[in-house]
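Hi,

Here is the structure I promised to pass on.

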Amino acid sequence: MSTDANCIFCKIAEGKIPSSKVYEDEDILVFHDINPWAPVHFLLIPKQHIASMAHVGPEHTEILGRMMALAPQLAKQQGCEPYPEGGFRIIINTGVQGMQEVHHLHIHVIGGPRPWKKG
Ligand code: AMP
Ligand code: ZN
């Protein structure tokens with residue numbers, strides 16, 4: 001599996017930096033955002049280092065599909081209220097102009113009862 005020794009999310013995926021884990025399997029790790037915008041805010045990452053959405057190609061179809069399919073199920077489990085009154089936001093910041101701060105692909109899932117701190 002490709003990892004980047006200087007990448008904070010690779011270190012989290014490898015267990016070298018602790019995280020508050022929501023879900024884990026062989027290829028995917030999900031953990032709470034350290035600086036949540038809302039009552040529910042977690043991040044889904046592939047364990048392999050993919051720097052951003054701009055680096056995604058056809059070879060990533062399966063992993064991205066699995067992450068997206070996991071998101072609603074975990075959103076519900078973590079306390080997002082049912083659609084349509086409840087719901088959640090899915091955000092994938094990409095690149096500097098796209099407001100990406102950590103350059104390891106991650107999917108934000110943000111939700112829960114408003115008001116939120118941000119978003
Ligand atoms: P982005 O701006 O999309 O790159 O988002 C990066 C997110 O990672 C931010 O919401 C941070 O709060 C979050 N973050 C950074 N370091 C950690 C960490 N060690 N554990 C959990 N979340 C983190
Ligand atoms: Zn990484």
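This is a predicted model: local features need pLDDT of at least 70, side-chain atom pairs count only at pLDDT 80 or more; totals for chains, interfaces and linings use all residues.

**Zinc site**

I'd start with the zinc ion (ligand 2). Its donors are SG of C7, SG of C10, ND1 of H49 and ND1 of H104, at 2.0 to 2.3 Å. The angles among the four donor atoms run from 105 to 116°, and the site is tetrahedral. For reference, the ideal angle for four tetrahedral donors is 109.5 degrees. Along the chain, the donors of the zinc ion (ligand 2) are spaced as C-x2-C-x38-H-x54-H. The two histidines bring together distant parts of the chain, 55 residues apart: H49 sits in the loop between strand 3 (40-46) and helix 2, and H104 in the loop between strand 4 (88-91) and strand 5 (107-111). Both count as buried, but look at the values: H49 has a relative accessible area of 19%, and buried means under 20%. H104, on the other hand, comes out at 0%.

**Nonpolar core**

Next, the inside. The largest nonpolar core has 18 residues, and V30, F42, L44, M67, L74 and V109 are those with the most contacts inside it. Which elements give two or more residues to this core? They are strand 2 (28-32), strand 3, helix 2 and strand 5. Helix 2 provides the largest share, with seven residues.

**Salt bridges**

I get five salt bridges in the model. Here are some of them:

- E24 and K47 pair up with their closest N and O atoms 2.7 Å apart. E24 lies in strand 1 (residues 21-24) and K47 in the loop between strand 3 and helix 2, so this bridge ties together parts that are 23 residues apart in sequence. E24 is partly exposed at 36% relative accessible area, whereas K47 is buried at 13%.
- R66 and D27 form another, at 3.0 Å between the closest N and O atoms. Because R66 is in helix 2 and D27 is in the loop between strand 1 and strand 2, the pair links parts 39 residues apart in sequence. Both ends are partly exposed: R66 has 30% relative accessibility, and D27 has 29%.
- E14 and K16 meet through their side chains at 3.3 Å, N to O. E14 is partly exposed, at 39%, while K16 counts as exposed, at 60%.

There is also a network to look at: K21, E24 and K47 are joined by salt bridges that share partners.

**Surface patch**

M68, F88 and I90 make a nonpolar surface patch of about 240 Å². Is M68 buried, partly exposed or exposed? Its relative accessible area is 39%, so M68 counts as partly exposed.

Cheers

Definitions and conventions:
Residues are numbered from 1 along each chain as its sequence is written. Chains are lettered from A and ligands numbered from 1 in the order in which they are written. Side-chain values use heavy atoms; hydrogens and water are left out. Patches are made of residues with over 30% relative accessible area and no salt bridge: like charges are joined within 9 Å, nonpolar side chains (Val, Leu, Ile, Met, Phe, Trp, Tyr) within 5 Å. Accessible areas come from the Shrake-Rupley method with a 1.4 Å probe; for residues, only the protein chains shown count as cover. A salt bridge is a side-chain nitrogen of Lys or Arg within 4 Å of a carboxyl oxygen of Asp or Glu. Buried means under 20% relative accessible area, exposed over 50%, partly exposed in between (1.4 Å probe, protein chains only). Donors are N, O and S atoms within 2.8 Å of the metal (3.2 Å for Na, K and Ca); water is not among the atoms, so sites may look incomplete. Four donors count as tetrahedral if all angles lie between 85 and 135 degrees; four count as square planar and six as octahedral if opposite donors are over 155 degrees apart and all others between 65 and 115; anything else is irregular. Helices (H or I, at least four residues) and strands (E, at least two) are DSSP runs, numbered from the N terminus. A nonpolar core is a set of buried Ala, Val, Leu, Ile, Met, Phe, Trp, Tyr and Cys residues joined through side-chain atoms within 4.5 Å.
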